Amino acid sequence: MSQHLNRILKPLVYKTVLRHNNMVRWCSSMSSYPSFLLIDHIINVGDSSDGRVERLESYDEHQVFINDSKLVEEVCDTMNLDYKQRGQDIHMVEDPDEIGWVKDPKYSDNVCLYLNYISSRERFFDFPPLPKGSQIQNIAMSSRPGINNIEDWVVAVKYSGYKMKLYRHNKDLRWIDIETTYESISPYSSLMYSTKDQRFYVPTPGCNYLCSFDLNFKEKDKLEFVEVRKIGLPKYELYELKELSYLTRTDHMVESPSGEQFLISWYYADEMEYRKPLNSEVIHKTKKFMVFREDEELSDKKRKFMSHTEDIGDLCIFLGDGEALCVPASSAPGLKPNCIYFTGNNYGVFDITTQMCTLFYTEKSPLRSTGFPYWPHPLSFTPN
């Protein structure tokens with residue numbers, strides 16, 4: 001990263017970034033966080049003198065154009081938290097031979113996952129194969145094997161759509177089908193695990209309920225539903241309500257390391273993109289977010305009262321197709337508190353305080369990715 005930082009950042013900023021990066025590398029065995037100083041600089045400093053970074057600003061959106069392929073790659077790596085984390089990582093295997101995995105020929109066309117984690121030494125765990133053609137949206141896991149010294153961990157998989165499966169380590173050597181319907185699971189919202197509640201959650205399509213199941217869920221068990229009641233909603237002008245009616249929304253639950261729970265509504269618009277010469281296309285563009293914090297005094301096991309907020313304190317939220325992640329901004333250089341970092345159809349940062357959305361663009365189109373998964377598992381950020 002230092003070569004590109006040297007060329008794009010001002011000398012004083014560059015020295016600061018290098019000092020932080022050296023510290024991050026030196027503490028790599030103690031910390032899971034990369035440096036976000038590059039992202040912070042690109043967002044907050046004006047156009048670069050060499051034309052590799054250009055900015056356009058409007059009243060409701062900032063656009064950052066990154067006109068250098070190597071810098072685009074570094075921005076993606078940072079936003080995706082692409083580093084060797086401490087803890088575990090779940091990978092999808094396309095060619096088992098690449099990792100020396102001897103695979104049963106009868107499962108040659110199946111989708112396979114493996115877990116890489118660190119205990120007294122680096123270890124691997126192969127999950128039972130998933131059915132051929134499985135399209136995984138995200139994975140949620142109850143604990144960190146090896147790090148939390150827990151052997152009875154549970155993994156839940158949400159497919160693209162509404163199907164889910166469950167694997168209970170040391171209790172069942174197969175994937176358990178979770179019976180759902182398209183009315184009960186939002187196809188685009190992410191599955192999450194709550195350490196505080198010891199339950200998995202995924203919003204229903206309208207987010208009036210959270211579909212829920214616990215660690216002891218067995219095949220043929222019935223899902224439970226927790227009512228969501230949003231309170232303290234802001235008052236909108238007529239033109240704002242009209243704008244919201246044209247937007248697509250997905251909803252995501254996330255839990256902070258201290259157990260605070262947030263519900264994030266992510267709003268998109270379909271817009272025509274004209275940057276390609278003699279060509280155009282419709283893009284799915286992030287417009288805004290709304291954040292709700294659980295009111296624990298009002299909530300109970302059957303309902304969660306979620307209060308609208310524009311202040312989540314020192315926390316940052318990461319959203320993508322994977323399980324949402326919430327960490328203290330003070331945990332990594334360059335992270336800005338009270339912000340949402342997002343990837344997927346768009347890469348960017350949303351400032352909850354100012355309600356300003358900053359989107360990253362390449363020379364040809366909005367920066368985007370369909371990689372799997374976007375974020376490491378949230379439990380990788382839990383202190384030992």
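Helices (H or I, at least four residues) and strands (E, at least two) are DSSP runs, numbered from the N terminus. The model is predicted: local features need pLDDT of at least 70, side-chain atom pairs count only at pLDDT 80 or more, and totals for chains, interfaces and linings use all residues. Residues are numbered from 1 along each chain as its sequence is written, and side-chain values use heavy atoms, with hydrogens and water left out.

Select serine 256 to begin. Serine 256 is found in the loop between strand 14 (248-255) and strand 15 (261-273). Its relative accessibility is 4%, and serine 256 therefore counts as buried (under 20% relative accessible area, with exposed over 50% and partly exposed in between; 1.4 Å probe, protein chains only). Leaving aside residues up to four places away in sequence, serine 256 touches Phe262, Leu315 and Cys326 (contact means heavy atoms within 4.5 Å).

Three bridges join strand 8 (residues 164-168) to strand 9; lysine 165 has aspartate 177 in strand 9 as its bridge partner.

Finally, colour the chain by pLDDT, the predictor's confidence in each residue, from 0 to 100. The protein chain averages 78. Confidence is lowest in helix 2 (residues 11-26), at a mean of 33, and highest in strand 17 (residues 303-309), at 97.

Notes: Two strands pair if DSSP finds at least two bridges between them.
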